[in-house]
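Here is a short briefing to read alongside the model.

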Amino acid sequence: MQPSQNRATRTFMDFDSVNHALDGICGLYERKIRNINPMVRNLTYDIGDLYNFIDGMTDISALVYDDSLHAFLPYDRQWIKQKLFLHLKRLAHSRG
């Protein structure tokens, strides 16, 4: 990911699974809003807020290992947003 136009902000993260990466993206957003609102105890946000966070980045993509190809496949921000939606929907159903 690259949060701003400055190439020095480019960051690479490694996760054991796509779900862990999606949790990591949510965690990044939660840290950002916690820094903006340090006195708020319970953070709440919706998928639109998370999409705006992702769309506000200069670049974000995922390289996902495919066992059958023995290679990493690249995915763009739209794929990440789609996977986040499904991931959060699954989490909401499992809690509700």
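The largest nonpolar core of this predicted model has 15 residues, and those with the most contacts inside it are Ile25, Leu50, Phe53, Ile54, Ile60, Ile80 and Leu84. A nonpolar core here is a set of buried Ala, Val, Leu, Ile, Met, Phe, Trp, Tyr and Cys residues joined through side-chain atoms within 4.5 Å. Buried means under 20% relative accessible area, exposed means over 50%, and partly exposed lies in between (1.4 Å probe, protein chains only). H1, helix H2 (47-55) and H3 are the elements that give two or more residues to this core, and H1 gives the most, with six residues.

**Ground rules**
- Residues are numbered from 1 along each chain as its sequence is written, and side-chain values use heavy atoms, with hydrogens and water left out.
- Since you are looking at a predicted model, local features need pLDDT of at least 70 and side-chain atom pairs count only at pLDDT 80 or more, while totals for chains, interfaces and linings use all residues.

**Overall layout**
- The chain has three helices and two strands, running α-α-β-β-α from the N terminus on.
- Helices (H or I, at least four residues) and strands (E, at least two) are DSSP runs, numbered from the N terminus.
- The C-alpha trace spans about 45 × 40 × 20 Å along its principal axes.
- Of the 96 residues, 22% count as buried.
- Among contacts between residues at least 6 apart in sequence, 47% join residues at least 24 apart; contact means heavy atoms within 4.5 Å.

**Helix packing**
- The axes of helix H1 (residues 18-36) and helix H3 (residues 77-95) come within 10 Å and cross at roughly 95°.
- H1 and H3 are therefore roughly perpendicular to each other, a label for angles of 65 to 115 degrees (under 35 is roughly parallel, over 145 roughly antiparallel, the rest oblique).
- On the H1 side, this contact uses Val18, Asn19, Leu22, Asp23, Ile25 and Cys26; on the H3 side, it uses Trp79, Ile80, Lys83, Leu84, His87, Leu88, Arg90 and Leu91.
- By class, the contact of H1 with H3 has nine nonpolar, two polar and three charged residues.
- Ala, Val, Leu, Ile, Met, Phe, Trp, Tyr, Cys and Pro count as nonpolar, Asp, Glu, Lys and Arg as charged, and the others, Gly among them, as polar.
- The axes of H1 and H2 come within 11 Å and cross at roughly 90°, with axes being lines fitted to C-alpha atoms, for helices over the stretch in contact, and angles running from 0 to 180 degrees between N-to-C directions.
- Here Ile25, Cys26, Leu28, Tyr29 and Lys32 of H1 meet Asp49, Leu50, Phe53 and Ile54 of H2; by class, that contact has seven nonpolar, no polar and two charged residues.
- Not counting residues up to four places away in sequence, Ile54 touches Ile25, Ile60, Arg77, Ile80, Lys81 and Leu84.

**The hairpin**
- Strand S1 (residues 62-66) and strand S2 (residues 71-75) run antiparallel and are joined by five bridges; two strands pair if DSSP finds at least two bridges between them.
- Leu63 has Pro74 in S2 as its bridge partner.
- S1 and S2 form a hairpin with four residues between them.
- His70, in the loop between S1 and S2, has a positive phi of about 55° although it is not a glycine.
- At 63% relative accessibility, His70 counts as exposed.
- Val64 lies in strand S1 and is partly exposed, with a relative accessible area of 21%.
- Val64 touches Val18, Ala71, Phe72, Leu73, Tyr75 and Trp79, not counting residues up to four places away in sequence.
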